Amino acid sequence: MNKISLFAAGSLRLAFRPLLTAFEQETGHQVNATFGPAGLLRERIEQGERPQIFASANLGHPQRLVALGMAHAVHPFALNQLCATVRNIPELAEPELLTVFCDPQWRVGTSTPIADPSGDYAQRLFERLEQLLPGQGSALRARALPLVGGPDSAPIPQGRLAAEYLIAQQQADIFLGYASYATALAVYPQIKVRMLPVELDFTVIYGLCLLNGACAAAQSLVAFILSAQGQRILQRFGFLPLD
């Protein structure tokens with residue numbers, strides 16, 4: 001029996017748990033999965049740690065490993081979007097989201113850029129807002145709080161979701177994160193998930209790669225993630241189909 005080591009973006013945790021269980025039951029292979037901010041995981045690989053598979057919330061981190069000669073080709077395997085989780089009060093839940101973003105009284109939390117692709121995507125949102133409403137995107141970027149996903153970020157308690165926890169702890173009124181969490185967040189009446197307006201919306205691509213020396217079992221896990229069965233599990237947890 002082969003044991004497969006996997007580094008995967010933290011936003012994949014909810015979907016990969018049942019996906020990896022299904023893979024293990026079908027093949028008999030065991031998977032040792034480590035979840036965390038993809039940028040920090042990529043740094044650990046560059047510094048000498050050697051998982052057999054790296055699944056990132058972007059294409060850039062696995063592409064860097066390929067460019068360094070540490071990994072094989074990058075395979076896109078899932079799509080996602082950003083959303084805004086807000087405190088469920090009329091002032092945040094009812095006005096147009098553009099109006100909410102432009103109101104300086106609200107604290108906006110994000111993940112940490114560079115360390116976590118979610119933080120990079122928040123920066124892209126700010127750029128789009130700046131193009132749409134000059135001055136507003138830069139103002140939102142200036143007051144945004146990188147609360148999670150960094151090397152020195154306080155950990156989110158086990159079993160809690162970042163958006164729900166940070167808003168409950170009064171650290172933010174709005175949290176910019178992945179739309180794949182929308183169903184899991186919907187059970188909390190004190191928050192509301194709001195999708196981005198079309199002017200700000202964009203799709204993000206998740207990519208994975210096999211590290212040099214990966215065993216045949218690791219290759220079979222990549223094939224399983226890309227298979228119809230693996231894709232159905234990802235979509236059940238809020239990810240968008242590649243096509």
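1. The largest pocket has a volume of about 910 Å³. A pocket here is an open set of points on a 1 Å grid over the protein atoms alone, where a 1.4 Å probe fits and protein lies on both sides within 12 Å along at least five of seven lines. Grid points are joined across faces, edges and corners, and the volume is the space filled by probe spheres set on the points.

2. A word on the ground rules: this is a predicted model, in which local features need pLDDT of at least 70 and side-chain atom pairs count only at pLDDT 80 or more, while totals for chains, interfaces and linings use all residues. Residues are numbered from 1 along each chain as its sequence is written, and side-chain values use heavy atoms, with hydrogens and water left out.

3. Which residues lie nearest the centre of the largest pocket? They are Gly10, Arg13, Ile156, Ala162 and Tyr181, out of 36 lining residues, where lining means having an atom within 4 Å of a point. Two or more lining residues come from each of α1 (13-27), β2 (30-36), β4 (75-87), α6 (117-132), α8 (162-168) and β7 (174-178). These elements are DSSP runs numbered from the N terminus: helices are H or I with at least four residues, strands are E with at least two.

4. By class, the lining of the largest pocket holds 20 nonpolar, 12 polar and 4 charged residues. Nonpolar covers Ala, Val, Leu, Ile, Met, Phe, Trp, Tyr, Cys and Pro, charged covers Asp, Glu, Lys and Arg, and the others, Gly among them, are polar.

5. Helix α6 deserves a look of its own. Its 16 residues should span 22 Å at 1.5 Å a residue, and its end C-alpha atoms are 23 Å apart, which agrees; the expected span is 1.5 Å times one less than the number of residues. Among the buried residues of α6 are Pro117, Tyr121, Phe126 and Leu129, buried meaning under 20% relative accessible area, exposed over 50% and partly exposed in between (1.4 Å probe, protein chains only).

6. Please check two backbone angles. Most residues other than glycine have a negative phi. Ile114, however, has phi near 75°; this residue is in the loop between β5 (108-111) and α6 and is exposed, with a relative accessible area of 61%. Gln170 has a positive phi of about 65°, lies in the loop between α8 and β7, and is partly exposed at 48%.

7. Thr112 is found in the loop between β5 and α6. Is this residue buried or exposed? Thr112 is buried, with a relative accessible area of 17%.

8. Finally, a point on annotation: an unreviewed UniProt entry lists residues 204-226 as "transmembrane region". In the model, residues 204-226 are 48% helix and 30% strand, with end C-alpha atoms 17 Å apart. UniProt positions follow the numbering used here, feature names are shortened, and annotations may be inferred rather than shown by experiment.
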